[in-house]
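Please walk me through this model, strand by strand.

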Amino acid sequence: MNITKEQLYRRQTTLKEIGTLGQQKIIRSHVTVIGCGGLGSAAAVYLAASGIGNIHLVDYDVVDASNLHRQIFYTTKDINQPKVTILTNHIGRISPFVEITTTNSAVSKENVFDIISATDYVLDCTDSLPIKYLINDACVLKNVPLIYGSLYKYDGYVASFNINLSESKWSANLRDAFPAISKETIPNCSEIGTLNTIVGIIGIMQANEVLKLVTGIGKALVNKLLIYNSLENSQYKMQLENTFTKEKVQEIFSAETYSDHTCDTIQDESLLISAKELQKKLSTDQTFEKLCVISVIERPTHEPPFLINDQVPLTTFDVNTYPFDKNNNYVIVCNRGISSYIATQRIKTAYPDLNVLSLKNGIINYENECKIH
């Protein structure tokens, strides 16, 4: 069946505030969505359906079963497939006039400028705090508007950062709300969990910000950070002022590494144990007697694929008071191998001679990796 743009976007162009002229602005826009999980997939699909002409999808990850409750544009048939590929195919089926390009790799200090160089708006849909600051700082340095979104359990945060207000004046950015990367461990959705509806709400709010900015209708969240609580259905707007100039951000960017423990390259292999290695140890009774497996998952939601000897959430794990036995071998586990690696580093710092390792890639990948020959 042949369909025209006029047919597809008719209900939108009927709005007098948008009309044909506004729709043309939408069609000519280029948006980059960094992170194709719950936030990014929702935002990208709604932007595509609205007629955004060019969308660049950025994500290094594959679909996992634990994603599906909140990343509703993926299905059980998509497990282990790249998110950017599945999302591209889905968008093509619902909005064939949108041009989709992809980057199937992680964002880093080395490639961030290339990723944002040819876009009108960037959507931060990531769940890594250092990467959020990296994206923010890069957008400030390159004068690119940033639509920010983040989650914590039942709360969501949305803002339109780095908007050009006049020839030389720019709106607030992430550092005006939170000046520095927190030194405390802040678990992401995979570790602490989240309600699926808040993910969709915030992702669609990000898409809504883009459409307001592109068409010039309504009031975008400029110099404001919206904090929405899904349990109380309440919202609060934090007023912001631009005090972090481009010069200040440049100083920070030059010195900051934006390191994130989700990157395998920055995890010391000597502190890791593979799924196959752990499986082998668990299958040897004599070894198992000296092996203690500790889970640092905040709130376990399903049965692990092997026996867990102790459950201590990372946020409450005091390695200095935990009753470690120097005669035991310890393996620390979590969902994706992020929190467990952090815990392992802390333990090794406190007890350099203790035999402790982190399960590489976490328990959600354990069974699949054990099957690989």
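Strand β4 (residues 121-124) runs parallel to β5, and the two pair over three bridges. Strands and helices here are DSSP runs, numbered from the N terminus: a strand (E) has at least two residues, a helix (H or I) at least four. Two strands pair if DSSP finds at least two bridges between them. The model is predicted: local features need pLDDT of at least 70, side-chain atom pairs count only at pLDDT 80 or more, and totals for chains, interfaces and linings use all residues. Residues are numbered from 1 along each chain as its sequence is written, and side-chain values use heavy atoms, with hydrogens and water left out.

Leu123 stands opposite Ile147 in β5. Asp124 faces Tyr148 of β5. Right-handed means that, with the strands pointing away from the viewer, the path from the first strand over the helix to the second runs clockwise.

On its other pairing, β4 meets strand β1 (residues 30-34), in the parallel sense and over four bridges. There, Val31 stands opposite Tyr121 in β4. In a regular strand the side chains alternate between the two faces of the sheet. In β4 both faces are covered: Tyr121 and Leu123 are buried on one side, Val122 and Asp124 on the other. Buried means under 20% relative accessible area, exposed means over 50%, and partly exposed lies in between (1.4 Å probe, protein chains only).

How enclosed is strand β5 (residues 146-152)? Six of its seven residues are buried, so the rest of the structure largely encloses β5. Gly149 lies in this strand. Gly149 is buried, at a relative accessible area of 0%. Gly149 and Leu123 are 26 residues apart in sequence, yet their C-alpha atoms are 7.6 Å apart in space.

β5 also pairs with strand β6 (residues 155-161), this time in the antiparallel sense, over seven bridges. Ile147 stands opposite Ser160 in β6. The β5-β6 hairpin has two residues between the strands, and Lys153 takes a positive phi near 55 degrees there. Tyr154 is also found in the loop between β5 and β6. Tyr154 is partly exposed, with a relative accessible area of 35%. Together with Leu195 and Leu231, Tyr154 forms a nonpolar surface patch of about 270 Å² of accessible area. Patches are made of residues with over 30% relative accessible area and no salt bridge; like charges are joined within 9 Å, nonpolar side chains (Val, Leu, Ile, Met, Phe, Trp, Tyr) within 5 Å. A salt bridge is a side-chain nitrogen of Lys or Arg within 4 Å of a carboxyl oxygen of Asp or Glu. Accessible areas come from the Shrake-Rupley method with a 1.4 Å probe; for residues, only the protein chains shown count as cover.

Next come two asparagines. Asn162 has a positive phi of about 60 degrees although it is not a glycine. Asn162 sits in the loop between β6 and α8 (174-177) and is buried, at 3% relative accessibility. Asn80 also has a positive phi, near 75 degrees. Asn80 lies in the loop between β2 and α5, and at 42% relative accessibility Asn80 counts as partly exposed.

Strand β2 (residues 54-58) and strand β3 (residues 99-103) pair in the parallel sense over five bridges. The chain crosses from β2 through helix α5 (residues 83-94) to β3, and this β-α-β crossover is right-handed. Within the pair, Leu57 stands opposite Thr102 in β3.

Further along is an open sheet. Five strands form it in the order β9-β13-β12-β10-β11, with parallel pairing. β9 (272-273) and β11 (310-311) stand at the edges with a single partner strand each, so one side of each has no neighbour in the sheet. Strand β12 (residues 329-333) and strand β13 (residues 355-359) pair over four bridges. Val331 has Leu357 of β13 as its bridge partner.

Finally, the cysteines. How many disulfides does the structure hold? The structure holds zero. Cys125 is in no disulfide, and the nearest cysteine sulfur, that of Cys36, is 7.9 Å away. A disulfide is a pair of cysteine sulfur atoms within 2.5 Å. The sulfur of Cys139 is 12 Å from the closest cysteine sulfur, in Cys125, which is too far for a bond. Cys125 is buried at 7% relative accessibility, and Cys139 is buried at 0%.
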